[in-house]
Number of protein chains: 2
Amino acid sequence: MTGAELIVNTAAGLQVDICFANPGTTEMPIVEAFDKSKRIRSVLGLFEGVCTGAADGYGRMADKPAMVLLHLGPGLANGLANLHNAKRANTPLVNIIGQHASWHLPADPLLAMDIEALAATVSAWQRTNRDLDRLSRDTADAVSAALQGKVATLIVPHDHQLAPVQVPVVGKSSHEDDHLDQGSVESAVRMLHKSGPRTAVILGGRAARRRGLTAMAKVSAATGCSLFIETFPARVERGAGLPLLERIPYFPDQAVSALSQYECVIFAGAREPVAFFGYPGQSSYFLSEQQVRVHIKASPRNMENALQGLADSFNGGSKNSAAGGQCASVQRPQLPRGGLTPLKVAAVLAALQPEGAIIVEEAITSAGDYFQLSKTAPAHTYLALTGGAIGQGIPCALGASLACPDRPVINLQADGSAMYTLQALWSQARQGANVKTLICCNRSYAILRLELARAGKQFPGEHAESLTNLSNPALDWVELSRGFGVPAARVDTAEELARELARALAAPGPYLIEMLL
Amino acid sequence: MTGAELIVNTAAGLQVDICFANPGTTEMPIVEAFDKSKRIRSVLGLFEGVCTGAADGYGRMADKPAMVLLHLGPGLANGLANLHNAKRANTPLVNIIGQHASWHLPADPLLAMDIEALAATVSAWQRTNRDLDRLSRDTADAVSAALQGKVATLIVPHDHQLAPVQVPVVGKSSHEDDHLDQGSVESAVRMLHKSGPRTAVILGGRAARRRGLTAMAKVSAATGCSLFIETFPARVERGAGLPLLERIPYFPDQAVSALSQYECVIFAGAREPVAFFGYPGQSSYFLSEQQVRVHIKASPRNMENALQGLADSFNGGSKNSAAGGQCASVQRPQLPRGGLTPLKVAAVLAALQPEGAIIVEEAITSAGDYFQLSKTAPAHTYLALTGGAIGQGIPCALGASLACPDRPVINLQADGSAMYTLQALWSQARQGANVKTLICCNRSYAILRLELARAGKQFPGEHAESLTNLSNPALDWVELSRGFGVPAARVDTAEELARELARALAAPGPYLIEMLL
């Protein structure tokens with residue numbers, strides 16, 4: 001067995017079944033090991049940000065890591081932005097990065113970069129294999145770290161991949177983490193007993209799944225506490241049959257206003273919310289020092305058990321229910337008519353999205369209405385841009401689709417962000433992924449104009465206008481999409497959008513709709 | 001004046017006249033300062049790799065830094081690959097990166113990354129502004145460092161950009177470097193006197209410009225030394241009226257064979273050549289320990305003076321001239337006919353390229369013949385992929401064109417690499433850049449197949465085949481190009497290519513030709 005085969009066999013033995021790859025010469029032994037093992041599916045991305053974004057989407061839906069195979073420092077560099085999003089999403093993900101042969105690196109070949117420094121910016125676990133006898137152990141440790149909701153990065157010199165090895169495949173990591181801090185659950189119970197209606201529960205991560213949410217709906221009904229979801233959840237189950245969650249607003253003034261009425265805040269799978277940017281005269285933090293915090297502490301796979309335990313403490317009890325207490329029943333908006341606006345896009349999508357859809361949303365300014373309008377749509381999964389690094393939507397939709405091939409994926413996508421990783425459309429075409437991409441064409445970086453306007457600059461100057469404007473020339477998303485092998489159509493009325501979306505949803509495979517707003 | 005205005009005014013005062021930008025909220029004060037100052041042209045790139053690659057091309061042609069404006073860590077991350085190429089090219093380049101407000105950063109907002117760690121992987125100079133009184137000085141130091149052929153990175157917190165400042169604009173850095181080590185020139189003279197015909201001169205960087213090359217042609221004629229150019233030159237002047245340079249081969253066996261006959265090697269603007277990858281059983285280094293080295297040491301702007309001084313030492317002398325002694329006179333290949341091959345592409349381009357063309361080549365496997373066939377074309381400038389981080393060609397061509405708007409730019413471009421930063425086509429369209437892009441469509445990562453074949457793997461397995469294959473579906477470069485606003489055509493014969501290229505060269509503005517190989 002070669003070192004590369006040892007890596008692949010170890011990962012495959014720990015349930016890694018897919019690799020999003022853009023390999024180079026220093027990773028070809030791993031590619032050859034895929035051919036020998038046949039246990040890991042390989043998916044080519046034509047840019048590394050495609051691979052890392054797809055692995056993020058896959059990990060969010062599969063709850064196990066995809067492998068990403070990247071070429072040296074530049075390959076990792078190109079994938080960093082979506083690894084940053086994966087890090088903020090606590091997505092399980094294993095990077096395997098080829099390094100120059102250990103004896104060649106001192107020559108400082110042209111492609112050499114400081115891979116370890118790059119990896120450290122996104123990895124909660126990372127290691128460079130320096131000892132062949134540890135290669136299977138290193139791989140197992142990487143997968144185990146990933147399973148804790150981490151980006152794990154293993155850097156493997158080319159000569160270590162090529163070398164013959166005679167060490168057994170390690171079946172499991174030596175460091176499994178499956179903690180559940182009962183004390184933290186009991187603190188939450190005490191807080192809810194004491195001041196339930198004045199308590200906000202902020203949910204995120206693995207707490208925002210069906211079992212956890214159902215448990216929290218009971219808690220809310222019993223105690224009167226309010227249920228919030230993070231502003232940018234990695235994944236939340238929502239719609240009919242699930243509790244109505246309030247989303248923490250994006251802008252600080254609105255967020256502070258939404259949260260200030262609560263004396264206590266319980267965090268489950270979520271971190272304390274802070275402002276996306278620092279605005280002069282406004283605080284970084286949405287909560288005051290006076291508000292009491294309790295953090296429910298559990299490993300990702302135990303978070304729902306913790307919430308179930310919390311709910312069991314209130315079994316049978318029922319108080320007035322506040323926001324989050326009720327579960328939604330299906331209620332869809334009417335199909336709108338006439339020229340498209342962001343509101344009408346949201347209404348059409350909420351009116352037509354099938355039960356079980358996975359909604360990948362990367363359209364900050366255009367999707368503002370969608371979250372509200374879709375809260376009573378049939379049950380669906382919603383994935384957001386977690387780290388603010390744009391270019392996540394199209395690849396994430398690809399990965400989510402490959403994790404859940406039986407579910408339709410709909411990507412509600414801003415045009416400016418889409419442009420960052422549009423190459424993912426080709427991988428959608430090659431894989432026949434059942435992804436429908438809705439491009440919100442406002443032909444601007446609208447969030448920047450909104451931020452300028454909020455800062456009192458209603459009339460941008462020539463440079464500010466030019467640097468936030470995506471027209472001149474207008475991007476033709478229909479041609480771009482077809483160029484990648486994804487059929488496409490352009491719409492500018494709500495009726496056309498409804499017709500095209502219904503038609504697209506009725507057929508398998510990828511499709512793109514350019515929506516002129 | 002605001003801090004942002006101080007930065008812009010300082011940079012503009014030091015001859016910075018263009019900024020390739022993809023700003024976000026934390027860089028908007030700089031954008032507003034562009035509007036106030038009106039001394040710096042701003043060019044929007046729809047992905048940061050476009051901005052950094054364009055700045056690399058601009059700096060190589062203008063010999064002064066372009067500014068790059070990037071948004072926080074993810075923006076820098078997206079631009080790193082082409083910054084790595086710029087670093088390897090010794091391109092003057094100044095990054096300005098916005099950071100969260102200094103008081104907001106401790107809250108660890110979602111977009112926060114370790115910007116300094118990222119910047120350190122590519123920057124020879126970097127600083128985070130921590131003191132408003134030093135902001136103009138920091139900017140001047142960044143520009144001065146860049147002028148020494150460095151990537152310089154200045155990180156400026158948002159609150160420092162917004163703050164009112166009352167410090168004067170610094171006119172010049174306190175650390176100017178204009179060294180010329182006469183001792184190193186004298187060592188070269190002694191070596192050439194002693195063993196001229198057994199001496200190889202390896203040229204690169206600022207030594208590969210017209211005045212330096214003309215000087216070295218005289219030296220070669222006088223001493224019999226051979227003139228080589230680096231395998232991947234940042235910029236070399238070549239063609240009619242310039243000396244014939246031998247290119248150091250890519251693969252180690254060929255490179256060692258080309259260089260082993262020399263007892264002595266003189267380096268001028270070039271580093272010692274090493275293998276691109278480490279191949280088992282072959283050395284990292286092309287030169288042996290027995291070969292004597294002399295490095296001519298001079299700052300970028302003095303390198304040609306140093307070579308002139310070297311030539312003056314041999315004034316009037318003339319020995320048998322070896323490779324590099326003669327200057328080329330115009331001799332173009334015949335226009336070929338029939339189905340396109342890489343050789344025919346090279347012949348058509350060498351036959352038709354106008355005098356003064358700037359050739360941006362990022363087509364490793366398809367452009368192998370071009371360097372040889374074009375050596376007697378009319379005088380032209382040739383820019384190569386310096387750091388091996390693919391996705392450099394299309395943006396570099398944009399930047400070169402904006403630096404030299406009166407010269408035609410021709411980008412001989414591999415399809416796999418083009419896919420990395422194809423968004424640069426849109427900026428070419430918006431700027432009306434006179435760039436003709438020739439896409440070599442072999443629909444594969446051919447270099448990986450070549451490397452596999454050299455390693456004895458003639459028949460790749462299913463994964464190796466799939467991960468090196470860009471077909472299924474075939475990318476349609478004509479549609480992609482038109483989607484970005486660049487007119488395009490597809491050709492598959494030499495006659496069609498000659499006709500389309502001639503037609504494209506006759507009109508201003510960008511054009512793309514998809515060449516099916």
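In this predicted model, strand 5 of chain A lies alongside strand 6 of chain A, and the two pair in the parallel sense over 4 bridges.

How many of the residues of strand 6 of chain A are buried? The count is 7 of the 7, so the strand is largely enclosed by the rest of the structure. Both of its faces are covered. On one side the buried residues are Val151(A), Thr153(A), Ile155(A) and Pro157(A), while Ala152(A), Leu154(A) and Val156(A) are buried on the other.

Stepping back, these strands belong to an open sheet of chain A, in which 6 strands follow the order 2-1-3-4-6-5 with parallel pairing. Strand 2 (41-44) and strand 5 (125-128) form the edges of this sheet, each pairing on one side only. From one strand to the next, the twist averages 20 degrees. As a general point, strands of a sheet pair through backbone hydrogen bonds, either parallel or antiparallel.

Helix 3 (residues 48-62) of chain A lies across strand 1, strand 2, strand 3 (66-71) and strand 4 (93-99), and runs at about 170 degrees to strand 3 of chain A. Helix 4 (residues 72-89) of chain A lies across strand 1, strand 3, strand 4 and strand 6 (151-157), and its angle to strand 3 of chain A is about 145 degrees.

Helix 4 of chain A also meets a helix of chain B. Its axis and that of helix 4 (residues 72-89) of chain B come within 8 Å and cross at roughly 170 degrees. The two helices are therefore roughly antiparallel to each other, given that angles over 145 degrees count as such. In chain A the contact is made by Pro74(A), Ala77(A), Asn78(A), Leu80(A), Ala81(A) and His84(A) of helix 4. From helix 4 of chain B come Pro74(B), Ala77(B), Asn78(B), Leu80(B), Ala81(B) and His84(B).

Chain B has its own open sheet, with 6 strands in the order 2-1-3-4-6-5 and parallel pairing. Strand 2 (41-44) and strand 5 (125-128) of chain B are the edge strands, pairing on one side only. The twist in this sheet averages 20 degrees from one strand to the next. Strand 1 (residues 18-22) of chain B is joined to strand 2 of chain B by 4 bridges, and the two run parallel. One residue to look for is Phe20(B), whose bridge partner in strand 2 of chain B is Val43(B). Helix 3 (residues 48-62) of chain B packs on the sheet, where it touches strand 1, strand 2, strand 3 (66-71) and strand 4 (93-99), and its direction makes about 170 degrees with that of strand 3 of chain B. Helix 6 (residues 135-147) of chain B packs on the sheet too, touching strand 4, strand 5 and strand 6 (151-157), with a direction at about 160 degrees to that of strand 6 of chain B.

Another helix pair is found in chain A. Helix 9 (residues 210-223) and helix 11 (residues 303-312) of chain A pack at about 20 degrees, and their axes are 8 Å apart. These helices are therefore roughly parallel to each other. Helix 9 of chain A passes helix 11 of chain A in a left-handed crossing. Among the residues that make the contact are Gly212(A) and Ala215(A) of helix 9 and Leu307(A) and Ala311(A) of helix 11.

Beyond its sequence neighbours within four places, Ile513(A) is in contact with residues including Leu438(A), Val491(A) and Leu497(A). Leu497(A) is also one of the contacts of Val345(A), a residue of helix 12 (residues 342-352) of chain A. Is Val345(A) buried or exposed? Val345(A) is buried, because 27 other C-beta atoms lie within 10 Å.

Notes
Residues are numbered from 1 along each chain as its sequence is written. Chains are lettered from A and ligands numbered from 1 in the order in which they are written. This is a predicted model: local features need pLDDT of at least 70, side-chain atom pairs count only at pLDDT 80 or more; totals for chains, interfaces and linings use all residues. Two residues are in contact if their C-beta atoms, placed from the backbone, lie within 7 Å. Two strands pair if DSSP finds at least two bridges between them. Axes are lines fitted to C-alpha atoms, for helices over the stretch in contact, and angles run from 0 to 180 degrees between N-to-C directions. Angles under 35 degrees count as roughly parallel, over 145 as roughly antiparallel, 65 to 115 as roughly perpendicular and the rest as oblique. A crossing is left-handed if the near helix is turned anticlockwise from the far one by less than a right angle, and right-handed if clockwise. A residue is buried if 20 or more other C-beta atoms lie within 10 Å of its own, exposed if 12 or fewer, and partly exposed in between; C-beta atoms are placed from the backbone.
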